[in-house]
Amino acid sequence: GLTEPLATSPLNYGKYDGEFKCAYCGETLFDSNAKYDSGSGWPSFWRSASENAVQYKREMNGSLECQCKRCSSHLGHAFLDGPSPGSVNQDLLNESPSSDPRGRTSQYLPRYCINGAAIKYSAREEES
């Protein structure tokens, strides 16, 4: 598949309250509570939705590819230069999946840099 050009995904902009799902199989990959503006030009998240959401593959150039764990679709890449742990919601941080990539130090959380064409947004349903 192709990655959309820098800064063209509508999912890179605005505030969201819901889930980001695999565009191919519908698996929930990320929650809006972990979305942030990384300045990269692509939708970015600092944690995955669950242990079963994302799988990783080390590429020949050393990059860490992210794939949907259910269907193996290419999502983008994970980098170890995300936000600092002190800048995010601590309850969400404490619940982060142990499968999320971690650096040798705890200075930064992961930055999931995701192809907007690989995910679909699903608004959270209001409780009645």
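Arg111 is buried, with a relative accessible area of 13% (buried is under 20%, exposed over 50%, partly exposed in between, using a 1.4 Å probe and protein chains only). Its salt-bridge partner is Asp81, which is partly exposed at 41%. Bear in mind that this is a predicted model, where local features need pLDDT of at least 70 and side-chain atom pairs count only at pLDDT 80 or more, while totals for chains, interfaces and linings use all residues. Residues are numbered from 1 along each chain as its sequence is written, and side-chain values use heavy atoms, leaving out hydrogens and water.

The structure has five salt bridges, each meaning a side-chain nitrogen of Lys or Arg within 4 Å of a carboxyl oxygen of Asp or Glu. Among them are these:

| Pair | Closest N to O |
|---|---|
| Asp81 and Arg111 | 2.8 Å |
| Glu27 and Arg70 | 2.7 Å |

(Strands are DSSP E runs of at least two residues, helices H or I runs of at least four, numbered from the N terminus.) Asp31 is buried at 16%, whereas Arg124 is partly exposed at 37%. Shared partners join Asp17, Asp31 and Arg124 into one network.

And where does S2 belong? It's in an open, antiparallel sheet of three strands, ordered S2-S1-S9; pairing takes at least two DSSP bridges. S2 and S9 stand at the edges with a single partner strand each, so one side of each has no neighbour in the sheet.
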